[in-house]
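Student: Can we go through this structure together? I'd like to start with a helix and then jump around a bit.

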Amino acid sequence: MLAQTHIKQQLDALRHDRTLGFVRLRVACEVNSFLGWLNAQPLYPRIYWHARGEDRPEYVALGRIHELTDPAHIARVCANTQASQVDSPRYFGGLAFDPDQPPQGENPWQGFGPCRFVLPRVELVRRGECVSLCLNLWFDEHNREAELAAGHQALAALVPEAPLPPLTPQQWRRRDNPDRPEWQQLVSTVTAPDFQTHTPKVVLSRESRLEGADVNPWSLLARWAERAEQCFRFGFQFEPDHGFIACSPERLYRREGRHLFSEALAGTIRRSGDEALDARLAAELLSDSKNRLENRLVHTDILHRLAPLAHDITLTEPRILKLRLLQHLKCDIEAELHPEVCDWQLLAALHPTPAVGGAPRESALTFIRAREPYERGWYAGACGMLSRETSECSVAIRSARIDPGAVTLFAGAGIVAGSEPAAEWAELDNKIANVLSLLG
């Protein structure tokens with residue numbers, strides 16, 4: 001509470017200041033559990049973002065100053081963040097897997113939309129051992145008193161962190177969509193020689209709805225993150241009854257100034273828990289023609305899409321990314337962006353990658369739109385943080401949507417020539433095994 005007092009003093013000092021534009025106030029504070037603090041707060045939206053890597057900052061974002069809900073308006077983030085302020089605004093949010101697809105029938109993603117990037121009112125930030133509470137304001141020539149009042153209101157609403165509710169074993173009934181016979185038919189269609197001549201890869205996916213499961217999204221994310229150290233951990237709760245969380249191993253891109261990092265993550269094999277057997281499985285993955293083809297289709301497409309936007313593009317040889325239950329083929333990509341290239345251009349060019357859609361992109365998306373029996377929404381979407389200095393987006397795989405009385409898990413598999421329906425179905429099961437084990 002002392003931190004709130006200090007930041008209120010800074011806020012009051014702005015009453016006679018004439019600064020316009022974005023202003024961030026910050027004070028040091030003490031918070032142990034970011035997710036415990038987040039879950040205790042009454043403000044919405046409630047967003048959590050922690051990028052992959054031990055040295056990456058951890059963020060909680062609360063409330064909103066304004067937001068972008070049209071993919072075409074992401075360009076405004078660039079316009080807003082090109083100003084010369086010492087601090088630049090950070091937008092947190094995401095794009096749906098297929099933002100151009102209109103909702104079909106009843107929409108389970110109500111509130112998420114095709115695009116939603118939020119400039120939060122309040123941020124909690126951890127960099128190393130330092131934790132800061134931040135209050136964001138945006139002044140124009142007419143709104144100073146309203147912004148100051150909104151800042152005071154947000155600070156007054158904050159409460160101390162509290163323990164997360166325990167994650168208890170659940171009694172649930174599982175319903176897969178597509179079911180196994182429909183899955184077999186879809187895989188057979190994609191692997192047919194006539195289909196392969198024009199679309200060599202389609203990423204088919206499945207939703208597994210656990211009816212009767214009733215969990216707190218942040219409690220589930222906290223437990224899940226303990227098993228996902230090599231992953232991006234993030235979550236969105238735009239309203240109290242619905243949440244979307246993920247522990248994703250896949251980066252869409254990271255931009256540091258003009259320098260870009262991306263990757264091709266495609267090709268999967270299990271882990272056994274035995275070091276020697278895991279090494280043999282990794283060697284099998286590296287030499288497997290089907291998985292190498294799947295990865296090559298991904299990195300070839302990314303390189304092609306980056307070519308107009310960047311120079312000095314480099315690609316590494318495939319290596320093994322080891323997760324708790326799975327191993328993946330991964331190629332790292334780096335590039336220098338041309339001047340004036342912005343995040344909205346990168347998102348438009350790279351999302352969705354063939355790792356979650358297929359190749360060629362439009363042909364694969366056409367098939368998914370016509371044949372997949374559910375709406376992916378933000379599953380396999382692009383989620384992350386956009387700012388002037390650094391932006392980073394993850395591909396929202398290994399994810400779950402939490403609704404009242406149900407948890408829906410998502411998994412996909414790249415289908416190419418040689419894919420077998422039973423093996424790909426087993427891969428889907430392996431990809432949701434982590435969360436299933438947490439839910440009892």
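This is a predicted model: local features need pLDDT of at least 70, side-chain atom pairs count only at pLDDT 80 or more; totals for chains, interfaces and linings use all residues.

Student: OK, what span should α12 have, and how far apart are its end C-alpha atoms?

Tutor: With 18 residues at 1.5 Å a residue, α12 should span 26 Å. Its end C-alpha atoms are 27 Å apart, so the two values agree.

Student: Where is the kink in α12 centred?

Tutor: On Ile432. The kink is about 50°.

Student: And what happens just after α12?

Tutor: Gly440 takes a positive phi there, of about 80°.

Student: Let's zoom in on Glu427. Is it buried or exposed?

Tutor: Buried. Its relative accessible area is 11%, and the cut-off for buried is under 20%. Glu427 lies in α12, which covers residues 421-438.

Student: Which residues does Glu427 touch, apart from its neighbours within four places in sequence?

Tutor: Thr268, Gly412 and Ala413.

Student: Which other residues of α12 are buried?

Tutor: Among them are Glu424, Trp425, Leu428 and Lys431.

Student: Trp425, then. What sits over its ring?

Tutor: The charged end of Arg206, 4.4 Å from the ring centre. Elsewhere, the charged end of Arg376 sits over the ring of Phe97, 4.2 Å from its centre.

Student: New topic. How many disulfides are there?

Tutor: 0.

Student: What about Cys331?

Tutor: Its closest cysteine sulfur is in Cys231, 18 Å away, so that is too far as well. Cys331 is buried, with a relative accessible area of 0%.

Student: Now aromatics. How many pairs are there?

Tutor: A search of the whole structure gives 18. One of them is Trp49 with Phe234, a tilted pair with centres 5.5 Å apart and 40° between the planes. Trp49 is in strand β2 and Phe234 in strand β11, 185 residues apart. Both are buried.

Student: How are Phe236 and Phe238 arranged?

Tutor: Their planes are at 20°, so the pair is stacked, with ring centres 5.9 Å apart. Phe236 is buried at 2% relative accessible area, and Phe238 is buried at 7%.

Student: Which cluster do these rings belong to?

Tutor: One aromatic cluster that includes Trp49, Phe234, Phe236 and Phe238. Trp109, Tyr374 and Phe410 are also among its members.

Note on methods:
Residues are numbered from 1 along each chain as its sequence is written. Side-chain values use heavy atoms; hydrogens and water are left out. Helices (H or I, at least four residues) and strands (E, at least two) are DSSP runs, numbered from the N terminus. Buried means under 20% relative accessible area, exposed over 50%, partly exposed in between (1.4 Å probe, protein chains only). Contact means heavy atoms within 4.5 Å. A disulfide is a pair of cysteine sulfur atoms within 2.5 Å. The expected span of a helix is 1.5 Å times one less than its number of residues. The bend at a residue is the angle between axes fitted to the seven residues ending there and the seven starting there. Rings of Phe, Tyr and Trp (its six-membered ring) pair if their centres lie within 6.5 Å; planes under 30 degrees apart count as stacked, over 60 as edge-to-face and the rest as tilted. A charge sits over a ring if NZ of Lys or CZ of Arg is within 6 Å of the ring centre and within 35 degrees of the ring normal.
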